[in-house]
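Welcome to this guided tour. Open the model in your viewer, keep the selection tool at hand, and follow the stops below.

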Amino acid sequence: MAIELLPQGLWKLVEPFIPAAKATRKGGRPRLADRAFLTGIVFVLRSGIPWEMLPQEMGCGSGMSCWRRLRDWQERGIWQLLHFVLLDWLARYGQIDWSRALVDGSSIRAVFGGLQTGPNPTDRAKLGSKRHLICDGRGVPLAIQLTGANRNDSQQALALVDAVPTLRSERGRPRHRPNCVLGDRGYDAEAIRQGLRSRHIIPFLAKRNSKHGSGLGRWRWVVERSFAWLNQFRRLRVRYEKRADIHEAFLSL
């Protein structure tokens, strides 16, 4: 039995945020339903196929029509809004672990270049992009940012912490700061430690030139698992989009 790409429950969650279509003059082909376009977008995201190879028998319209819809919804901030709504829903039910947050970066190859790319020092200076992720203690992605692959993790650390949205918890005041932040040796900088302390966050960052076995791995593995979850979507394993906003839309979705 085939897996349903866009279950009814997920569509009911997304549908209120999709802008209503503008009224047009009579005549011409009828406008395809937004759910069909979103199904095509999810299929490309999961399978990794080129847009022009989207199977017509799926009833999702042409690949370029799906691409334009993804672009338009990204410009309206639909995906970021949906991410915030889901995080807020989890926070209200006590499903966000604020006891700690974990930061890390992961590089991917950018085949066609474009904005937010740079020479990847871990891939013979080939063009690539880096995803900077901060997640809670359970691995729920709180914020993700896209930069060039030559962007050092430490340069993005504080901006990533500040990108965490303010969420209403089950009880008490809304919050957007974890109790502590854990990171590997790439975040070993006194400026980051001071910046976290000024935000009333305890830094737990591994130090360079120290022996392995810091003990942070018992908590840091969840951010590695979150990257593994992202890479299950084949369109995220390699960046094929020249436009950074299209890849960011895929990341948010």
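How many cavities of 30 Å³ or more are there by the rule used here? The count comes to one cavity. Here, on a 1 Å grid over the protein atoms alone, a cavity is a set of points where a 1.4 Å probe fits but cannot get out, while a pocket is an open set with protein on both sides within 12 Å along at least five of seven lines; lining residues have an atom within 4 Å of a point.

Before you start, note that this is a predicted model, in which local features need pLDDT of at least 70, side-chain atom pairs count only at pLDDT 80 or more, and totals for chains, interfaces and linings use all residues. Residues are numbered from 1 along each chain as its sequence is written, and side-chain values use heavy atoms, with hydrogens and water left out.

**Stop 1: the cavity**

Select Val103, Ala157, Leu158, Val161, Val181, Tyr187, Ile192, Leu196 and Leu205, which line the largest cavity. Its volume is about 50 Å³, where a volume is the space filled by probe spheres set on the grid points, and points are joined across faces, edges and corners. Two elements give two or more residues to this lining: helix 5 (153-162) and helix 6 (190-198). Helix 5 gives the most, with three residues. Helices (H or I, at least four residues) and strands (E, at least two) are DSSP runs, numbered from the N terminus.

Now colour the lining by class: there are nine nonpolar, no polar and no charged residues. In this scheme Ala, Val, Leu, Ile, Met, Phe, Trp, Tyr, Cys and Pro count as nonpolar, Asp, Glu, Lys and Arg as charged, and the others, Gly among them, as polar.

**Stop 2: the pocket**

Next, select Leu86, Phe233, Leu251, Ser252 and Leu253, which lie nearest the centre of the largest pocket among its 30 lining residues. The space in this pocket is about 870 Å³. Elements that give two or more residues to the lining are helix 1 (8-14), helix 2, helix 4 (78-92), strand 4 (141-148), helix 7 (217-231) and helix 8 (244-252). Which helix gives the most to the lining of the largest pocket? Helix 4 does, with six residues. By class, the pocket lining has 25 nonpolar, four polar and one charged residues.

**Stop 3**

Show helix 2 (residues 34-47) and helix 3 (residues 63-75), which pack at an angle of about 100° with their axes 9 Å apart. Axes are lines fitted to C-alpha atoms, for helices over the stretch in contact, and angles run from 0 to 180 degrees between N-to-C directions. Helix 2 and helix 3 are therefore roughly perpendicular to each other (angles under 35 degrees count as roughly parallel, over 145 as roughly antiparallel, 65 to 115 as roughly perpendicular and the rest as oblique). Asp34, Phe37, Leu38, Gly40 and Ile41 of helix 2 make the contact with Ser65, Cys66, Arg69, Leu70 and Trp73 of helix 3; contact means heavy atoms within 4.5 Å.

Zoom in on Ala249 of helix 8. Is Ala249 buried or exposed? At 0% relative accessibility, Ala249 counts as buried (buried means under 20% relative accessible area, exposed over 50%, partly exposed in between, with a 1.4 Å probe and protein chains only). Ala249 and Gln74 are 175 residues apart in sequence, yet 5.8 Å apart in space, C-alpha to C-alpha.

**Stop 4: single residues**

Select Ser106 in strand 1 (residues 101-109). Ser106 is buried, with a relative accessible area of 17%. Leaving aside neighbours within four places in sequence, Ser106 is in contact with Ser129, Lys130, Arg131 and Phe227.

Finish in two loops. Most residues other than glycine have a negative phi. Arg124, in the loop between strand 2 (118-119) and strand 3 (127-136), has a positive phi near 55°. Arg124 is exposed, at 70% relative accessibility. His200 sits in the loop between helix 6 and strand 6 (202-205), and its phi is positive too, about 60°. With a relative accessible area of 72%, His200 is exposed.
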